[in-house]
Amino acid sequence: GQRGKRLLDAIKASPYPTVQCEAIKSAKDKSSLVVADVRRTGRSIAPEAVGALVDALGSDLRELCSAVDQLLADTQGTVSVDHVHTYYAGRIEATGFTVADAAAAGNTPAAITALRHAVATGTDPVAIVAALAMKVRQLARVAAAGGRRMSPAELGMAPWQVDRARRELQGWSDDALATSILAVARADAEAKGASRDPVYAVERAVLTICNARRAGTRRR
């Protein structure tokens, strides 16, 4: 309210230093938060571990920060992706990001298994489509950069996301990406009400992405 605003204005006008804290919203922001928290203790964390933590717990910043504290307290040396899987495997397996990673790899059995597990543990089909959309957008963004070595900031992604996208793109063609983008757009509309069976809509999108990826590999 106005009373609070007057207090803040008075503090800003005082000789005391102020620090402005920006909202943490994107995956890039959350990744930076994890890395900063780890580095403050003099430790390091593998990029893959950062990605796994954000994928599993990024929807709740308090839980994400608590997970970092627990990993630092219970492990030694560099925090690895194996450490994250040991402590938070159940959370990771139940997210749409696991579905998206498996689909991007063209691993149909793993993608469908992860999808059914995510749905069974309460993940909304809309959230799974959002994870698929993020994955496909990241692949398309890095692919569009071509041979230009654009920085993560220029791509609007975290460094670990760019590195992973570059690795994953080795099995993709432009046609496969276009097919996947259309499949995700259709699933998004159907999951949000255009279909009576949103789970089937997501499963069809996952199968389309897996098939497109494998077709892209065969053409290379």
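**View 1. Gln138 sits in helix H8.** Here we zoom in on Gln138, which belongs to helix H8 (residues 125-145); helices (H or I, at least four residues) and strands (E, at least two) are DSSP runs, numbered from the N terminus. This is a predicted model, in which local features need pLDDT of at least 70 and side-chain atom pairs count only at pLDDT 80 or more, while totals for chains, interfaces and linings use all residues. Residues are numbered from 1 along each chain as its sequence is written, and side-chain values use heavy atoms, with hydrogens and water left out. Is Gln138 buried or exposed? With a relative accessible area of 9%, Gln138 is buried (buried means under 20% relative accessible area, exposed over 50%, partly exposed in between, with a 1.4 Å probe and protein chains only). Leaving aside residues up to four places away in sequence, Gln138 touches Met157, Gln161 and Ala165; a contact means heavy atoms within 4.5 Å.

**View 2. Tyr87 and Tyr88 form an aromatic pair****.** One aromatic pair turns up when the whole structure is searched. Tyr87 and Tyr88 make this tilted pair, at 6.3 Å centre to centre and with 40° between the planes. For the cut-offs, rings of Phe, Tyr and Trp (its six-membered ring) pair if their centres lie within 6.5 Å; planes under 30 degrees apart count as stacked, over 60 as edge-to-face and the rest as tilted. Tyr87 is partly exposed, at a relative accessible area of 32%, whereas Tyr88 is buried, at 11%.

**View 3. Helix H6 and the glycine just after it****.** Which residues of helix H6 (residues 96-104) are buried? They are Gly96, Val99, Ala100, Ala102, Ala103 and Ala104. Just after H6 comes Gly106, with a positive phi of about 75°.

**View 4. His117 in helix H7****.** Helix H7 (residues 108-120) holds His117, which counts as partly exposed at 33% relative accessibility.

**View 5. Ala215 in helix H12****.** Ala215 lies in helix H12 (residues 198-219) and counts as buried, with 17% relative accessibility. How far is the C-alpha atom of Ala215 from that of Leu7? They are separated by 62 Å, for residues 208 apart along the chain.

**View 6. Stepping back to the chain.** The C-alpha atoms fill a box of roughly 65 × 45 × 40 Å along the principal axes, and 41% of the 220 residues count as buried. Among contacts between residues at least 6 apart in sequence, 68% join residues at least 24 apart. The mean positions of the 30 positive and 23 negative charges are 5 Å apart; Lys and Arg count as positive and Asp and Glu as negative, while His and the chain ends are not counted. Each charge is placed at NZ of Lys, CZ of Arg, CG of Asp or CD of Glu. As for confidence, the chain averages a pLDDT of 87, and 94% of the residues score at least 70; pLDDT is the predictor's confidence in each residue, from 0 to 100. Confidence is lowest in helix H1 (residues 2-13), at a mean of 75, and highest in helix H11 (residues 174-194), at 94.
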